[in-house]
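Dear colleague,

Please find below the structure I am handing over to you. My notes on what was found in it follow directly after.

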Amino acid sequence: MNRKLLYFAVGVCYLILIIYGLYAVYTVEATLRAKEVPAIKPENKIAIAHTEIFGKLERPQVIFDHKKHTEAFVKEGKKEWDTCDTCHTVEQDSLIFDFPKKVVKKDKTSVMNAYHDECIECHKKRSSENKKSGPVVCADCHKEKEKSIEVKYPVFEFDFYVHDKHVKKLKEKLGKDDCSLCHHTYDIHEEDEELALVYEKGTEESCYYCHELDRKRGPELAAIARVAAKKGLSLKTASHLQCLNCHLEYQKEAGKAGRLKEDEKEAGPTECVKCHTGKYRTVAELEKIPRPDRDQPERPYINIKDAKLKGVTFDHDYHQKTHKNCRVCHHETLKACKDCHSLVGKPEGNGVNVARAYHDVFSEHSCEGCHNKKKSEKGCFGCHYNIAPMDVETMGPKKESCKICHSGEIKGPLSRPPLSVAQLDPEKVKKEIKIKVLERQYEPAEFPHLNIIKKLVDISNKNKLANYFHKDIQTICEGCHHQSPAEAEVQKDSPPYCRNCHAVAPDLQNLQKIRLLTAYHNQCMGCHDAMQLEKGSKLRSKEGNRCADCHKVKEKGPESITSVKNFPKDPWKYPWYGGMER
Amino acid sequence: MEKTEKREIRTIGEFWEFFKSELKPKGNPWTPFNLISGTVMVLGFIFIIYRFLTGLSPTTNLSQMYPWGIWKGAVVNSGVAFAGGGYTLAFIVYILGLERYRPMLRETVLFAFLAYVFYAGALTVELGRWHVFYNPFIGNKYGVSSVLFIVAWHFMLYIVTLALEFSPAAAEWVGMKRARKILGAAALGAVVFGVMLSIHHQAGLGAMFTMAKGKLHPLWYSEFMPILYFISSIYAGPSVMIVVSSITQRLYAHRVDEEYRKAHPQIVLGLGRMCIGVIFAYLFLQLILVHHEHDLQYINTAMGLWWLVEVGALGLIPMFLFIHGVQHKNLSTINMAAVLALIGVLLNRLNNVFIAYNWYLPLSLKYRPTWMEVIILFTIIFIDVWVFRWIINRMHVLSKPPEWARAMEKH
Amino acid sequence: MNRRTFLKVMGSAITGAAAGSLIRPGVSGAQGVFDDKEFFGILIDTTRCIGCRRCEKGCAEVNYLPIPDISEKANQDIFTKKRKTSVTEYTVTNLYETEKGKVYVPWRCMHCNQPACHSACIVYALEKRETGHVTWDKRCIGCRLCMMSCPYNIPQHVFDEPSATIQKCNLCYGRFLQGIVPGCVESCPTEALMFGTRRKLLEEGKRRIAQNPGKYVNHIYGELEVGGTSTMYLSAVPFEQIGLRTDLGLKHYPEYSQVYLSAIPFIAGITPIAMLGIAHVIRMAKKDAKKEEHHEEEHHEDKIGH
């Protein structure tokens, strides 16, 4: 009996195991969605995690409310500008915004102990003085619910507006221009480190060049950047050191004179979110702001000795006004391109020769690269999505494109006269074209030829880049009539029909030459799509039939899409037919 | 019990009379088992006819993502493994010459033969276009690159081989002496041929899944599936025979002769001992494969735990039970081990067919057998059992062949 | 045993294996037949597809399938979920939201160079024609091994007919024999589907990638996947994002079952010889043992009877 009971029990166990197992296996979900990490508004908080030292954290990160701490001191009567040295080191009259003050080694234990010593000790001291204090227990700082919060401050853009403001204000206060207040360079050859930081007039540049540590640079700047890295002077640290100290000084001045409330804006912000607003000025807003004066030429004539083509007259002034900062083109230093990029290439230029420096199609810093990117804007892309980048173009017969820039030294205005459709012969360039060559299911498409040309001419005239490069109206025609030469287009009696090259039936030998139906659809819809138009593109129209945007469905048209002539009515009788038997 | 010299049947007429007399039930036909299985079989017949009239969709839950279901899984994939006793036991008796296993041989061969016949029949129910099922055999294209082609042909040839191996018993039943002599002489050749065929099609069942690479869970799929299937059939067959023979020893004790009754414990022990080694080889191969293909990372998932259930609870534990049973000569432990081992093989095959196949689909798309499918499955099993029972009660399956037949045997 | 018996057994074993290896059931019928003909295929450029579904309607028309409703309103509903091919739809179009916006992807049989379905078919009902088309024939017995084997789950079985069929795109083999392009290709207004020889399609695909730098992912899906397919894709985003599996490997699928198939003749040759050999050896051993017994008994009797 005992044995039988044992068998029964074992049997039941197995049964449960199998049934539960089947259930678990049948309901398994193969995909796991990653939990989203919430990002909170920064609000002057700082996330202390130091994952570069601690690796995977044992306890949750600490979200430190900086403003709360400064306000706590202000409430007790301290002045705002005097609260900093409670926690931060003062060195030679300027603050170093590091914390904790004493970190001997950069390893887990030392850092942890340093934080604990300073934070918890201060809290303990204050609560022993019966003042409002902070937590001393682990979990009150290392809060579990703040484990996966991200505190992200948007980058602060020191754009031309801010620079100009600083220049003007400081001139007001000091009576003269003094760029050395902020700008300096590092003399790498100076042996005495104390004296290495010098100011040389005419070499003022962006902080980014030396202090943006995680960028690849040329040998000269890389050495300087290494020094900055050794001193821990990343862009963040350097700019906080430079900016905050100066702001605090002026704040102190205004505060001592009792003018802090009125001059709050005058003194410059010291709160995180006041600078890191996340709001950025557009190019249009910055266009009228005067650029920093460094005696830069307005229209330099770029001419390389021993180069094959004529030199280029470059409108530097215009280009300054249409970019947010100089680093877009002056990516390494604020010198001229050919100072580092020679005809054959130098180490300073990373081996990039001057031709490539100006013409690289994919670079963000070269002329061509930037122009290429501009061509993919909404107004331009309709024609330009189908036109190969200049590099490929000039390999072909269209070498006259080079002459547009390489025109030698031009003393007069650089812009061209606007294009006009008035130049066109109305007999040859039809106002409206009815496309009925493939008419079957749909009514003929009514194509507003002249209107489209007008619109494109309009866009071209309004855009300085387009206006410069579209030297005549034939260029606009080539946007659609892409393979026929300009002379052929002006023949009245044989217009440049698409069907002249694109056959109705597919050409299996030349797959590149798509058939006529496809040519119309791809050309038209491609352009509408690239220019992000509502009608007639891949973007869905809200209601109605997309096809009807260009051609309406015939009311009594054929039902079928395909041409089923020659196809047997009873295909299932044939050996090759594998479909449904009827 | 042994009868004296039977009259020999020479004409079809005589055979028909004899057959009709044999159809009469021996004993009470209204047992509970008969009633239940009879009901199921009647229902099953109706459903089978319904399936032939309306196609697979109304009767089964097969879908485009699960083309094979419980019929292919339980009947073809597992049933064939269970019938593996046919070739393993024949190998032991005829090739290795271990005579003490001979008493179980006829029962095993009969079981295997009926299993194959009825599972081939079940396949016909399962085929989408069963009315042209003869195409692979007559040459309406020999699909020589297809694993299923090999399996189908081997099925057919193996059924013939098993029929040949069992035919001496049938000859004795009708008393045809000359036929008995000829058929008995063909035994060794049939066995050798049968072993070869078995290796091919047991491995072939596994090879059918080799092209389902992206769809089977990595813990079940490997390129060595044919070998795993073959090895598992080596122990699945004897495990089933241990269980079946234990049942028949009790239920049909009146047909079992003294020699078999005495030898049965030793046979079971011996088979148990063999199973230990084979299960060990199987588990070892599984371990190597899982490790080699870096699949151990999946153990910590639901599917991984299910794999552990199949390989551990229904693979490793039976092995230990076998060891225990053989050491202590405990037949009931060996029986339990055999039951668990065969459930493990069944589960492995079902996993390959529809549980671990397309395992990442949501529950709504997964395959669950309809009750009609289950009833048809049991119908086939019950028909098999009824025919098995009928033959055991009439032919010399559980007992030694009659004197005159034994005299013909050369050994 | 003695030396003679050993040599007999080994000799017959080697002869058996050699003879067995002449049978070669593993070679797929797809190899070696296409020397003079070229494979045809379809190049699908997903940047050109506008999701109009005219290909589905065209396919339904030429294959006498139920004609789908492809009005804008119907399309807006249809694209909310991902579809697979079915017994009445040989090709479907799915919408994927990707980093580059909406991408419409037509999906149908890949017409692999070495199809798993054809290799798995027990009666070669699914055949790879010389021109690359993979077609189905009525000699099918409905075993559904093709469905298990196809890595793309393309063959669709008609479960609700008593005499089932397998439905899938056959690249309009019938129209091809009449010299017409497939129904879907004819209907496509933007030539997202382009028909031609596989060689020319690869050239065209590579040309498009080269002349439009940055527009496409630098790979034609189907050039090498699963040994090469005739339905190839160009995409602007990584292929996983548009539902095309890239974890299927470059090995053509029939090769996975090749190992087993090539072992068949070997086993067929060796096993019978080995079995007979073992049986013979054991029988001899038994006979020798019996002789020894007799011998001892005789000796013993002699001794006693002395």
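Helix 8 (residues 198-211) of chain C lies across strand 1, strand 8 and strand 9 of chain C, and runs at about 130° to strand 8 of chain C. Here helices (H or I, at least four residues) and strands (E, at least two) are DSSP runs, numbered from the N terminus. Axes are lines fitted to C-alpha atoms, for helices over the stretch in contact, and angles run from 0 to 180 degrees between N-to-C directions. This is a predicted model, in which local features need pLDDT of at least 70 and side-chain atom pairs count only at pLDDT 80 or more, while totals for chains, interfaces and linings use all residues. Residues are numbered from 1 along each chain as its sequence is written, and chains are lettered from A and ligands numbered from 1 in the order in which they are written.

The 3 strands form an open sheet of mixed pairing in chain C, in the order 8-1-9; two strands pair if DSSP finds at least two bridges between them. Strand 8 (193-197) and strand 9 (231-234) of chain C are the edge strands, each pairing on one side only. On average, neighbouring strands of this sheet are turned by 25° against each other, direction ignored. Strand 1 (residues 40-45) of chain C pairs with strand 8 of chain C in the antiparallel sense, over 5 bridges. Phe40(C) has Thr197(C), in strand 8 of chain C, as its bridge partner.

Turning to the interface, 53 residues of chain B are in contact with 54 residues of chain C, contact meaning that the C-beta atoms, placed from the backbone, lie within 7 Å. Among the elements giving two or more residues to the side of chain B that touches chain C are helix 2 (32-54), helix 8 (147-174) and helix 10 (187-207) of chain B. Helix 10 of chain B gives the most, with 10 residues.

In chain A, the secondary structure comes to 24 helices and 12 strands. Of its 582 residues, 11% are buried; a residue is buried if 20 or more other C-beta atoms lie within 10 Å of its own, exposed if 12 or fewer, and partly exposed in between, with C-beta atoms placed from the backbone. Cys243(A) is located in helix 9 (residues 235-256) of chain A. Cys243(A) counts as partly exposed because it has 19 C-beta neighbours inside 10 Å. The C-alpha atoms of Cys243(A) and Thr270(A) are separated by 8.8 Å, the two residues being 27 apart along the chain.

With kind regards

Note on methods
Contact = placed C-beta atoms within 7 Å.
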